[in-house]
Amino acid sequence: VTDFLNAIIGGAGFGSLYGLVALGLVVVFKSTGILNFSAGALMAVGGLVSASFGSSGFWIAAALAVAIVAAVGALANVTVMRPLLGRGLFPGVMVTIGLTSVLEGTSGIVFGQQARFLVNPIASPTITLPFGTSMSSTLMVAVVLSVATTLLLSIAFKRTAVGLQLRAAAVRPEVAAMFGANPSRIFTYAWAVAGALAALAGALLASLTVADISIAAFALRAFAAMIVGGVDSLGGALLGGILVGIIELLAGTYLGDDYRLPSTMAVLMVFLLIRPAGLFGTAEVIRP
Amino acid sequence: MSQSTGVAERRTGMSLQAKPIALRAALVALATLVAIVLPFLVSSYWTLIATNAVLAFAIAAPLNMLIGNAGQFSLGNGAFLAVGAYTGAAVTLKFDLELPVAMLAAAAVGAVVGLVVGLPSLRLRGAYLLMSTLAAHYIVVFAAQKFQTGLFGAAGAIFPPLRIAGTDLSSTRSMYFVIVVFAMLIGLIIFNIMRSGYGRALEAVKARDVAAAASGISVSRMKLSAWSLTSAMIAAGGVLQAYFLGAAAVEYYTLNLAITYIAMIIVGGLGSLGGTFLGACFITLVPVGVNHLSGKYGAEVGAKNGGILAHPYELQTVVYGLIIIAFVVLKPEGLVGFVRSAKSWAIRALCGR
């Protein structure tokens with residue numbers, strides 16, 4: 001029972017990291033229609049940047065990483081994503097894949113190949129919970145931060161002018177532009193948000209494991225999280241991430257560690273086939 | 001007067017029609033000649049690189065048919081290579097059969113797996129279909145890993161030297177010729193498929209599936225057969241690739257491997273066989289070029305001020321990414337677009353128009 005509860009608690013913790021990255025995916029996909037394959041690289045760069053500022057403590061390092069990677073995301077939109085608007089799925093995916101390669105190579109040149117480490121956000125490494133379970137304090141911080149971020153983003157989407165413009169520009173950029181929104185600036189904000197969320201996840205992951213370009217592979221689960229939650233739902237992305245994380249750790253505990261990634265991919269496949277709209281998303285209507 | 005220009009126009013029109021066929025035949029003859037003579041002219045190092053490029057073409061060409069002609073965006077080709085390699089390994093090592101049998105078996109298994117991986121394409125499209133191929137990639141590679149540890153041990157399947165009908169073909173040069181023959185076969189098959197009614201039906205399904213269905217084309221049959229056919233060809237290529245590499249190890253079949261072949265068809269030109277060849281050569285030569293550059297100048301420059309040339313691997317990664325981005329953003333029709341505009345320019349110059 002303790003194993004089971006530990007898997008669920010740990011899974012929820014890691015899952016909230018997937019949820020953070022998935023939030024970024026949802027924001028970009030919702031607004032620009034681009035499926036962002038560079039989320040993992042952005043996350044890894046966030047981890048590396050925060051680790052290189054590690055001497056000033058977790059929180060300052062994470063904040064710097066968030067700011068820097070948000071700028072990288074915005075820059076990516078301005079330089080290479082903007083010309084792709086309205087050209088369909090294939091070009092967007094390929095350019096984000098190219099961007100991943102550029103980010104990986106550049107970070108290798110800037111940060112070198114050796115793995116770096118980041119201090120924990122809270123001094124005590126683990127927190128003891130009832131029924132003999134325990135949780136890493138960093139994972140606890142991850143859950144709290146991701147829930148707070150999701151709430152903040154949902155409020156921003158529903159209540160602020162930029163959020164409303166973003167939702168309008170996502171549906172019909174031309175009409176939104178007629179009503180005074182500037183779609184290309186709005187989309188830059190979306191990319192900055194995606195970069196910031198990925199960097200936050202990256203900093204937390206760097207403090208949990210190591211900061212290394214290879215942690216980019218973690219972000220693959222974010223695709224599963226995005227589909228399970230529903231591609232147009234922010235809360236769904238977070239809950240989807242947590243669900244995927246729990247399933248992954250349960251598979252890891254009971255089937256073996258090599259089942260972790262395949263289990264999340266199996267979940268992705270099952271949802272795509274049975275319920276592509278996800279748990280909280282609205283079904284896509286295709287008019288031929 | 002006006003009559004004679006009419007005749008002249010008709011004649012140039014006819015010669016313009018006749019020219020591409022003659023030109024194409026001449027090009028194919030020239031390419032065959034170059035392919036035969038090449039390994040006798042260059043060192044074995046460059047023969048190896050040429051082998052890599054030709055093999056890459058043989059694998060990327062079916063993928064281009066699936067993505068460029070049939071419009072099914074897939075990240076699953078790495079998985080199909082693995083399916084081919086492990087089927088080939090089982091046939092070769094457990095039943096002691098030779099390459100042609102192994103390739104036929106791999107093609108058969110590849111066709112079945114391709115059919116299954118293609119099934120979601122009946123319900124999903126766009127980003128959803130892409131993600132289903134992403135999931136399929138990891139599930140198939142995981143199954144391959146279980147198969148590998150069960151049958152061959154954790155290190156992977158080590159292939160014997162290539163033999164066909166008792167003749168040893170494992171030298172660099174004979175390996176090159178085997179792969180060239182296979183690539184030509186694949187090219188010929190795809191060329192003929194795309195010229196047939198079936199190929200035009202595929203293009204129709206890509207352009208507008210509803211209109212294709214209204215014209216009496218069974219959209220789901222076209223999609224599934226395209227998945228099955230191209231996967232069979234990729235899997236057959238996977239056997240040859242494993243022979244060329246000397247082993248089938250699951251670590252090789254990554255998502256990045258799958259992306260390499262997509263990069264080739266992007267750089268070369270979507271839906272174009274000649275473009276696939278250009279793209280395969282280009283992407284194969286990029287790391288070679290960066291390495292040479294780095295080897296030539298990196299040592300002295302890098303030692304002095306730690307320039308980027310001292311990081312050949314990272315530089316390769318950056319250049320590779322920039323190439324993909326540059327082609328998608330600036331030249332979506334790929335290298336074959338340059339060839340086409342050069343050709344129309346040449347025709348215009350020759351005809352004095």
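Student: Quick one on Asp258(A): what does its relative accessibility come to, and how does the residue count?
Tutor: This is a predicted model, and in it Asp258(A) has 30% relative accessibility, so the residue counts as partly exposed. The cut-offs for that class are 20% and 50%.

Student: Which residue does Asp258(A) form a salt bridge with?
Tutor: Lys146(B), and the closest N and O atoms are 2.8 Å apart. The pair crosses between chains: Asp258(A) sits in the loop between H10 and H11 of chain A, while Lys146(B) is in helix H5 of chain B.

Student: And how does Lys146(B) count for accessibility?
Tutor: Lys146(B) counts as partly exposed, because its relative accessibility is 34%.

Student: How many salt bridges are there between chain B and chain A?
Tutor: The count there is 1 salt bridge. There are also 3 residue pairs in polar contact between the two chains, with both residues at pLDDT 80 or more.

Student: Which helices of chain B supply at least two residues each to the side that touches chain A?
Tutor: Helix H5 (126–151), helix H10 (255–268) and helix H12 (312–330) of chain B each do that. H5(B) gives the largest share, with 14 residues.

Student: OK, and what area is buried between the chains?
Tutor: About 3,700 Å², with carbon and sulfur atoms giving 82% of that. In residues, the contact takes 42 from chain B and 42 from chain A.

Student: Back to salt bridges. How many over all chains?
Tutor: The total is 5 salt bridges over all chains. Three residues of chain A are linked in a network of them: Arg221(A), Glu248(A) and Arg260(A).

Student: Where do Arg221(A) and Glu248(A) sit?
Tutor: Arg221(A) is in helix H9 (residues 220–229) of chain A and Glu248(A) is in helix H10 of chain A, so to speak of the sequence, 27 residues apart. Their side chains meet at 3.0 Å, N to O.

Student: What about Glu248(A) and Arg260(A), which parts does that pair tie together?
Tutor: Those side chains also meet in a salt bridge, at 3.0 Å, N to O. Glu248(A) lies in helix H10 of chain A and Arg260(A) in helix H11 of chain A, so the pair ties together parts that are 12 residues apart in sequence.

Student: Which of these count as buried, and which as partly exposed?
Tutor: Arg221(A) counts as buried at 9% relative accessibility. Glu248(A) is buried too, with a relative accessible area of 1%. Arg260(A) counts as partly exposed, at 21%.

Student: What does Ser263(A) touch, outside its sequence neighbours?
Tutor: Not counting residues up to four places away, Ser263(A) touches Ile247(A), Glu248(A) and Ala251(A). Its place is in helix H11 (residues 260–274) of chain A, and at 12% relative accessibility Ser263(A) counts as buried.

Student: Where's Thr32(A), and which residues is it in contact with beyond four places in sequence?
Tutor: Thr32(A) is in helix H1 (residues 2–32) of chain A. Its contacts beyond four places are Leu85(A), Phe187(A) and Trp191(A). With 14% relative accessibility, Thr32(A) counts as buried.

Student: Now aromatics. How many pairs over all chains?
Tutor: A search of the whole structure finds 14 aromatic pairs. In one of them, the rings of Phe57(B) and Phe277(B) have centres 5.7 Å apart and planes at 85°, so the pair is edge-to-face.

Student: Why is that edge-to-face rather than stacked?
Tutor: Because the planes are at 85°, and planes over 60 degrees apart count as edge-to-face. The pair links distant parts of the chain, with Phe57(B) in helix H2 (residues 44–69) and Phe277(B) in helix H11 (residues 273–305) of chain B, 220 residues apart.

Student: How do those two Phe residues count for accessibility?
Tutor: Phe57(B) is buried, with a relative accessible area of 9%. Phe277(B) is partly exposed, at 37%.

Definitions and conventions:
Residues are numbered from 1 along each chain as its sequence is written. Chains are lettered from A and ligands numbered from 1 in the order in which they are written. This is a predicted model: local features need pLDDT of at least 70, side-chain atom pairs count only at pLDDT 80 or more; totals for chains, interfaces and linings use all residues. Side-chain values use heavy atoms; hydrogens and water are left out. Contact means heavy atoms within 4.5 Å. Buried area is the accessible area (1.4 Å probe) that two parts lose on being put together, summed over both. A salt bridge is a side-chain nitrogen of Lys or Arg within 4 Å of a carboxyl oxygen of Asp or Glu. A polar contact is a pair of N or O atoms within 3.5 Å; within protein, one must be able to donate a hydrogen and the other to accept it, and residues adjacent in sequence count only if both atoms are side-chain atoms. Rings of Phe, Tyr and Trp (its six-membered ring) pair if their centres lie within 6.5 Å; planes under 30 degrees apart count as stacked, over 60 as edge-to-face and the rest as tilted. Buried means under 20% relative accessible area, exposed over 50%, partly exposed in between (1.4 Å probe, protein chains only).
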